[in-house]
Amino acid sequence: MSLDPIQTLRSQTIAMPQENIDTDQIIPARYLTTTTREGLGKVLFYDWRYDVDGTVKAEAVLNNVDPEGHAILVGGHNFGCGSSREHAPWALADYGFKAVLSTKIADIFKSNAIKNGILAIEVSPEAHAWLMDNPGAEIEIDLEEKKVRLPNQMVENFEIEAFGRRCLLDGVDPLGFLQNSAEEIEAYEARTGKHAA
Amino acid sequence: MPKSLFEKVWERHLVKEEAPDHPGIMYIDLHLVHEVTSPQAFAVLEERGLKVRRPDRTFATIDHSIPTLQFKQGVEEPPYFTPEGKSQVQTLQANAKKHGLPLYDWDSEQRGIVHVIGPELGLTQPGMTVVCGDSHTSTHGAFGALAFGIGTTEVGHVLATQCLLQRKPKTMRIHFDGQLAPDVTAKDMALAMIATIGASGGTGYVLEFAGPAIESLSMEGRMTLCNMSIEAGARAGMVAPDEITFEFLKGRQYAPKGAAWDAAVEDWKSLRSDEGASFDKEVRIDASRIGPMVTFGTSPDYGIAVNENVPAPQGQPDQDSLKYMKLEAGAPIQQAKVNRVFVGSCTNSRMSDLRAAADILRGRKVADGVVMLVVPGSESIRVQAEAEGLHTVFEEAGAQWRLPGCSMCIAMNGDKGEPGELVVSTSNRNFMGRQGKDVRTVLASPATAAASAVAGHIADPRDYAPAAAETKNVA
Ligand code: SF4
């Protein structure tokens with residue numbers, strides 16, 4: 001699966017200030033019974049959006065904004081912790097999200113997100129506080145320059161793993177990269193006695 | 001240069017060094033696969049016309065979405081909760097067959113939770129790299145392996161190339177000084193450790209657990225502790241292999257035999273952090289001060305000793321958490337009424353866990369209105385527990401004895417709590433809704449869970465001495 005290249009992303013934000021938003025919140029385990037990647041947007045944050053009997057929770061932020069035009073999720077500290085389920089970024093992407101910003105993002109989620117074209121970006125507490133105070137602000141994420149530009153003129157530099165960034169900018173395929181290293185993998189197996197018996 | 005245990009294992013698996021513009025290529029010795037996070041990975045192989053590169057290093061099991069209700073094997077259809085769960089199992093069966101992978105299926109006497117059977121079969125060995133599409137793969141670090149959870153895209157990478165792209169993580173050593181008090185378990189250590197460093201304290205690090213309390217911990221205890229590294233944000237936790245490790249592994253199905261065993265042990269003995277090895281961070285915890293622990297919030301770092309009061313909230317996240325848990329700040333946690341108790345999961349479903357729960361339940365009854373499930377981690381454990389008569393102890397106490405699987409740990413197979421219920425659980429996550437919509441989870445050890453089942457409220461296992469011991473005292 002190769003992704004559409006991304007260079008800059010301009011969109012309004014949705015703010016979810018809760019800390020430790022774990023992948024069980026992003027997609028509850030009972031919806032992990034699928035054998036494909038598609039269509040998980042409808043169960044994204046299901047228990048936050050719907051009551052036990054399935055009625056829509058009017059106060060839920062996702063029920064009050066149009067996913068169209070709101071492709072950036074700003075989450076509380078330690079976003080994406082918990083289970084390694086890649087269903088979490090699949091659901092976010094299917095719903096229309098292209099980036100997640102927080103002061104801290106869990107390791108496995110970060111690694112899963114970038115593989116599905118979702119930018120997972122850690123920002124400073126100052127920028128984060130401003131974003132939480134101004135939900136719906138239109139911001140710009142510049143992947144080429146590694147900057148987030150806020151409408152208040154604040155500019156944040158961010159770190160992103162170089163290879164993942166290249167995959168997003170140029171549509172490089174990580175599995176292809178590994179396959180191209182087949183000779184080195186064979187040499188390693190021979191050297192360490194790990195070749196197939 | 002002195003090296004840490006992690007660095008030694010890391011270096012042994014580098015196919016290619018990392019560079020600024022690309023991560024390193026890491027070789028994977030053991031890949032464990034289950035039905036929930038693999039279908040989409042096999043689909044990618046299909047799309048690209050690829051084969052599983054090393055079927056001999058790939059082992060599959062069914063655990064997450066399978067029912068644990070008793071049924072007549074081979075005669076009756078397993079009582080799946082949903083057709084989708086059944087379809088996931090069938091998809092794995094088909095993929096395993098197609099690619100020639102060993103599958104511990106319904107008819108296997110070795111079937112069980114992926115992180116329970118890896119060590120049981122002797123597949124997990126010191127110095128290995130072990131991955132699985134499941135975050136609690138960290139469990140296998142108890143053997144001095146570098147073991148961590150991966151996403152489904154990476155499951156596809158390992159199936160196709162036996163390798164992963166990885167940047168070198170940072171290291172943190174957690175030193176447990178002193179010894180645990182009797183009646184305090186590895187689960188209590190894990191909850192105390194997470195409360196100390198926080199739910200994101202380990203993010204970006206591989207943990208090494210060391211110190212006197214670790215050296216005297218059993219393999220089952222080390223597995224419980226490493227299992228919950230991820231709850232502190234760390235992808236992996238490790239313990240240096242020693243005589244306890246070798247003793248556990250010797251004679252297991254996939255462990256080396258004869259001269260190969262002696263050579264392996266010689267090599268494994270070198271897998272410990274050298275004197276003077278440096279870590280990016282060091283933390284010390286006094287093991288002797290840890291008591292039986294429970295959680296009181298919706299993140300695993302909300303942990304207190306079972307004889308403490310619910311702490312006053314500080315800030316919005318604490319308030320939200322307490323509100324969801326319906327607990328009163330300042331009140332003893334033991335006042336919280338319990339509706340359901342779960343003993344099981346890859347954290348606490350091994351023989352020592354079941355024995356600890358049985359010791360408390362023997363001669364006692366689960367309180368009226370409390371539902372208790374005991375779910376062994378594997379078929380081998382189920383058989384051994386039944387040989388020891390533990391199932392009778394559970395059933396006579398009024399608990400349900402089930403077939404192995406993940407069960408209420410992830411609650412996707414129909415085993416779950418009802419909205420609003422309070423569940424004392426020996427699993428690893430107390431997130432909102434993890435054990436069913438609006439279910440309130442309190443994490444605890446098997447002994448604390450069993451004591452709470454008897455009391456009908458959260459209880460201190462030290463108040464429930466084993467029945468046999470009591471009789472002796474009377475005599
Ligand atoms: S028991 Fe729970 S944590 Fe362990 S593998 Fe199963 S679902 Fe994951």
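Predicted model: local features only at pLDDT ≥ 70, side-chain atom pairs only at ≥ 80, totals over all residues.
**Notebook: a helix pair in chain B, then chain A**

Residues are numbered from 1 along each chain as its sequence is written, and side-chain values use heavy atoms, without hydrogens and water.

Next I noted who touches whom: Met351(B), Leu354(B) and Arg355(B) of α12(B) meet Ile381(B), Gln384(B) and Ala385(B) of α13(B), with contact meaning heavy atoms within 4.5 Å.

For the geometry, I found α12 (residues 351–361) and α13 (residues 379–387) of chain B packed at about 40 degrees, axes 10 Å apart. Axes are lines fitted to C-alpha atoms over the stretch in contact, and angles run from 0 to 180 degrees between N-to-C directions.

I then checked the domains of chain B: the assignment, automatic or from a database, gives domain 1 (1–291) and domain 2 (293–463). Their C-alpha centres lie 24 Å apart, and 44 residues of domain 1 contact 43 of domain 2.

Over to chain A, where I found eight helices and seven strands, as DSSP runs (helices H or I, at least four residues; strands E, at least two). The C-alpha trace of chain A spans about 60 × 45 × 25 Å along its principal axes. Of its 197 residues, 57% are buried (under 20% relative accessible area, 1.4 Å probe, protein chains only).

Note on methods:
Chains lettered and ligands numbered in written order. Buried < 20%, exposed > 50% of the residue type's maximum accessible area, 1.4 Å probe, protein only.
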